[in-house]
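User: I would like to learn how to read aromatic packing in a protein model. Please take me through one case.

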Amino acid sequence: PGGFAIASDENLASVPRRQFRFSAPNEPWSLVLSAQMAFCLLRPRSKSLGLGQYVTGFTFSDSSAPEVLEMLGKVADADA
């Protein structure tokens with residue numbers, strides 16, 4: 001609940017703080033939150049497929065903020 005991760009084919013630029021827009025499927029709302037990079041790993045793939053994906057983890061700047069908790073609840077409800 002305190003963060004999220006992004007998997008991509010390219011390594012994300014390392015900056016101390018970024019803003020991300022979150023939304024849930026079929027919902028009319030979105031929310032922009034600040035997060036800071038926590039880690040970056042290279043997830044291996046099969047040798048025949050070449051390089052793996054970069055997995056970058058982020059922590060919310062204020063994971064106890066009411067809007068973060070509300071957003072997490074809505075996203076969890078949308079996945080159910």
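User: Which residues form one aromatic cluster here?

Analyst: This is a predicted model. In it, one aromatic cluster is made up of Phe 4, Phe 20, Phe 22, Phe 58 and Phe 60. The count of aromatic pairs comes to six.

User: How is a pair of aromatic rings described?

Analyst: The description uses the distance of the centres and the angle of the planes. Take Phe 4 and Phe 58: the ring centres are 5.2 Å apart and the planes lie at 15°, so this pair is stacked. Phe 4 belongs to strand S1 (residues 3-8) and Phe 58 to strand S4, so the pair links distant parts of the chain, 54 residues apart.

User: Are Phe 4 and Phe 58 buried or exposed?

Analyst: Phe 4 has a relative accessible area of 18% and is buried. Phe 58 is buried as well, with a relative accessible area of 3%.

User: What kind of aromatic pair do Phe 20 and Phe 58 form?

Analyst: Phe 20 and Phe 58 are edge-to-face, with 4.9 Å centre to centre and 65° between the planes. This pair also links distant parts of the chain, with Phe 20 in strand S2 and Phe 58 in strand S4, 38 residues apart. Both Phe 20 and Phe 58 are buried.

User: Which residues touch the most other members of the largest nonpolar core?

Analyst: Among the 13 residues of that core, they are Phe 4, Phe 20, Phe 22, Leu 33, Phe 60 and Met 71. Two or more residues each come from strand S2 (18-23), strand S3 (30-43), strand S4 (53-60) and helix H1 (66-79). S3 gives the most, with three residues.

Key
Residues are numbered from 1 along each chain as its sequence is written. This is a predicted model: local features need pLDDT of at least 70, side-chain atom pairs count only at pLDDT 80 or more; totals for chains, interfaces and linings use all residues. Side-chain values use heavy atoms; hydrogens and water are left out. A nonpolar core is a set of buried Ala, Val, Leu, Ile, Met, Phe, Trp, Tyr and Cys residues joined through side-chain atoms within 4.5 Å. Buried means under 20% relative accessible area, exposed over 50%, partly exposed in between (1.4 Å probe, protein chains only). Helices (H or I, at least four residues) and strands (E, at least two) are DSSP runs, numbered from the N terminus. Rings of Phe, Tyr and Trp (its six-membered ring) pair if their centres lie within 6.5 Å; planes under 30 degrees apart count as stacked, over 60 as edge-to-face and the rest as tilted.
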